[in-house]
Amino acid sequence: MKVAIVGASGAVGQEFLRVLEQRNFPIDELLLFGSERSAGTKYTFRGREIEVKLLQHNDDFKGVDIAFTSAGAGTSKEYAETITKYGAIMIDNSSAFRMDADVPLVVPECNAEDALNAPRNIIANPNCTTIMMVVALQPIEKLSHITRIHVASYQSASGAGAAAMAELQDQYASLVKGEEPKVEKFAYQLAYNVIPQIDVFTDNDYTKEEMKMFNETRKIMHSDVRCSAMCVRISSLRSHSEAVWVETEQPLTAKQVQDALAAAPGVTLQDDPATKTYPMPLYTGGKDDVYVGRVRKDLANENGITLWLSSDQIRKGAALNAVQIAEYLISRK
């Protein structure tokens, strides 16, 4: 098994290295690729140093079985043909191909089999907020079809990359010293603040991030569900959280939903109000599962359930989900 990581020096690329090693993914040879800035950097994987190669239009991907790409939509579009032309399966973490009809958009807990039909040898990894949500919604969908979703996301600095995490930490340090914080990665100062905008606004005044949740959820779940999202950047460092309201065709009890979630793959139920037990980003960072709590009936909707979830968006929201797709493909060979 010959595997490549494109964008190896980024936050998700580094998480790929950790996840592949921790899960003992079958690799005989690992290739790392990056931009001119990161080419030549060396990273240790399973006790061996591997040097990052410059990503180029050449034959470097000849013999590669699986290529994990996380270098932005522009890079994915430019290099897709170069990466896949010798038969490599490209599992892409960008938004470049997610809504293309001939590219499967896959969350293994929901629609793993879609990955088997990839005519362009490209499989898209969904947006992190979508991944987390649909993992929690799939067990509910099995109980009764979900017709409507309202969701508010609480997204950490790490969703904007490693430099954004550093900026948040630097802002707090500056403010403690009475200095003016530097603002580059976000529209406003994030420290001691929340910013109700992630990505750019579209014509309907929803952001691209919010529209991803609408469109991607429908494709992954093969559903006509309508999702209205409000995506917010908060000053936690790692792991995203979401407050989710779902409406189902048939009324469900909180107990039915809790039992389904407790039995679902990729979900950990943490839900005991009496002991103040519920998921928080402080504790979900570095974990594989989507953690769910605060499950209860929606007081404003007889067919409604509301819940809270938290998950590491660099891990399950990006690298881990892509690796799980690859593991599924290997299991079906």
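Reader: In which sense do strand β12 and strand β13 pair?
Author: The model is predicted, so local features need pLDDT of at least 70 and side-chain atom pairs count only at pLDDT 80 or more, while totals for chains, interfaces and linings use all residues. Residues are numbered from 1 along each chain as its sequence is written, and side-chain values use heavy atoms, with hydrogens and water left out. Helices (H or I, at least four residues) and strands (E, at least two) are DSSP runs numbered from the N terminus, and two strands pair if DSSP finds at least two bridges between them. For β12 (residues 290-297) and β13 (residues 304-311) there are five bridges, and the sense of the pairing is antiparallel.

Reader: Which residue of β13 stands opposite Val292?
Author: Strands of a sheet pair through backbone hydrogen bonds, either parallel or antiparallel. In the antiparallel pairing of β12 with β13, the residue that stands opposite Val292 is Leu309.

Reader: Which strands stand at the edges of the sheet?
Author: Six strands form an open sheet with mixed pairing, in the order β9-β8-β10-β13-β12-β11. Each edge strand has a single partner, so one side of it is left without a neighbour in the sheet. The strands in this position are β9 (226-233) and β11 (267-269).

Reader: At about what angle to β12 does helix α7 run?
Author: Helix α7 (residues 254-263) lies across β11, β12 and β13, where contact means heavy atoms within 4.5 Å. Axes are lines fitted to C-alpha atoms, for helices over the stretch in contact, and angles run from 0 to 180 degrees between N-to-C directions. On that scale, the angle of α7 to β12 is about 170 degrees.

Reader: Is Lys316, which meets Glu109 in a salt bridge, buried or exposed?
Author: A salt bridge is a side-chain nitrogen of Lys or Arg within 4 Å of a carboxyl oxygen of Asp or Glu, and the one between Lys316 and Glu109 spans 2.9 Å, N to O. This pair links distant parts of the chain, with Lys316 in helix α9 (residues 315-331) and Glu109 in helix α3 (residues 108-111), 207 residues apart. Buried means under 20% relative accessible area, exposed over 50%, and partly exposed in between (1.4 Å probe, protein chains only). Because its relative accessible area is 1%, Lys316 counts as buried.

Reader: How many residues apart are Glu247 and Arg148?
Author: The side chains of Glu247 and Arg148 meet in a salt bridge of 2.8 Å, N to O, and Arg148 is partly exposed at 38% relative accessibility. Glu247 belongs to strand β10 (residues 240-248) and Arg148 to strand β8 (residues 146-155), so that the pair links distant parts of the chain, and the separation in residues is 99.

Reader: In which helix do Glu209 and Lys212 both lie?
Author: Glu209 and Lys212, whose side chains meet in a salt bridge of 4.0 Å, N to O, are both buried. They are three residues apart, about one turn of the helix, and the helix that holds them is α6 (residues 208-221).

Reader: What is the relative accessible area of Arg23?
Author: Arg23 is found in the loop between α1 (11-22) and β2 (29-34), and it belongs to a network of salt bridges whose members include Asp288 and Glu327. Among the residues that Arg23 touches, not counting those up to four places away in sequence, are Leu320, Val323 and Gln324. Arg23 is partly exposed, and its relative accessible area is 31%.
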